[in-house]
Amino acid sequence: MTLASASGKAILFGEHAVVYGQPAIAVPLSQLRTTVQVESLDPGMTGVLIDAPNISKSFLLHEADGDDPLASAVRLTLDELGVKAPLDVHLTIHSQLPIASGLGSSAAVSVAVIRALSDHLGKPLEVETISKIAYAAECLHHGTPSGIDNAVVAYEKPVYFIREHKPELIQISTRLNLIIGDTGVSMRTTIPVNLLRERWEKDPVTYGGWFEEIGEIVKEARTMLEAGSIGSLGTLMNRNQVLLEDMGLSSLELQRLIRAAREAGALGAKLSGAGMGGIMLALVELDTAQVVETALIKAGAKQVFITEVDR
Ligand code: MEV
């Protein structure tokens, strides 16, 4: 039996603008994981059996829909490993990550599947290859992904990411306490991404200007993170949020949680990921974490995660 796992992720700065060539910063959330177990199939059965009890799915690979994301991750991995002979294995996938919430559940599932299968077959893959396969899986389901989700999840390190460039691993020199509030509104990444593309196509000057402003915020944030001065990092988060709101990517639920976090003493707060639902994140001092958590629950958060970013 082989076990492998992958972390969730949060985008600290630069979502969406990253699709248009601007930099973004994302961190792994090592405490929130997807785990994949691979074992031999029960006698009498043949094929690749995929079980995902969290989402009530159980199916054989050769019977899967062409666009099933779990099946795609398995197929792409077997292709990369050059596995041609029939394979009889049982994959069980467990995830602590809510789906379509901005926490990187699809990248985490892909990376965990790739790690588990390649290890099980005695052909462990380099992190760069794992990221590349997970990117191919993301492309099948998210249209035009920037590649930041698969990169941060595969490397499991804070990344400074520019589309089509090798991710730069960054050293965060200070403790970062984040609180994540889940609106409970699931939102498939493609919806806000496509909506933004339509708006940008209609008004490339305004939207292009906003993307550039976000890029500047990301660069400033990188300097602060590396210098270990979180002084005005919260202010940068708030500025990033204003631009995301201008682009129409926030929502009433997100606004409510963001406001509640700020009023309870968070240093800054913004949506994280694709927006229009999903999660928001707040930067807090350790001693205000509980107060902010309580405020988020009161403001309607369906789940709250308190997390310290790995350095
Ligand atoms: C989704 O986690 C992040 C987006 O920037 C899309 C992408 O980068 O592919 C919204």
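Predicted model: local features only at pLDDT ≥ 70, side-chain atom pairs only at ≥ 80, totals over all residues.
Local features here need pLDDT of at least 70, side-chain atom pairs count only at pLDDT 80 or more, and totals for chains, interfaces and linings use all residues. Residues are numbered from 1 along each chain as its sequence is written, and side-chain values use heavy atoms, with hydrogens and water left out.

Reader: How many Å apart are the end C-alpha atoms of helix α6?

Author: Helices are DSSP runs of H or I with at least four residues, numbered from the N terminus, while strands are E runs of at least two. Helix α6 covers residues 204–227, 24 residues in total. The expected span is 1.5 Å times one less than the number of residues.

Reader: Which residue follows α6, and what is its phi?

Author: The residue after α6 is G228. Its phi is positive, near 75°.

Reader: What do the buried residues of α6 pack against?

Author: Buried means under 20% relative accessible area, exposed over 50%, and partly exposed in between, with a 1.4 Å probe and protein chains only. The buried residues of α6 include W210, F211 and M224. Contact means heavy atoms within 4.5 Å. The packing partners are β1 (2–13), β2 (24–40), β6 (159–161), β7 (168–169), α5 (190–202) and α7 (233–246).

Reader: How many salt bridges does the count come to?

Author: Side chains of opposite charge can pair when their charged atoms come close. The rule asks for a side-chain nitrogen of Lys or Arg within 4 Å of a carboxyl oxygen of Asp or Glu. By this rule the count is ten.

Reader: How many residues apart in sequence are the parts that D149 and K9 tie together?

Author: D149 and K9 form a salt bridge, with closest N and O atoms 3.3 Å apart. D149 lies in helix α4 (residues 148–155) and K9 in strand β1, so the pair links parts separated in sequence by 140 residues.

Reader: Is D149 buried or exposed?

Author: D149 has K9 as its salt-bridge partner. Like K9, D149 is buried.

Reader: Which residue forms a salt bridge with K219?

Author: The two partners both lie in helix α6, three residues apart, about one turn. K219 is partly exposed, at 38% relative accessible area. The closest N and O atoms are 3.2 Å apart, and the partner is E216.

Reader: Which residues are joined with R222 into one network?

Author: R222 forms a salt bridge with E226, at 3.3 Å between the closest N and O atoms. E226 and R222 are four residues apart in helix α6, about one helical turn. Salt bridges with shared partners join R222 to E168 and E226.
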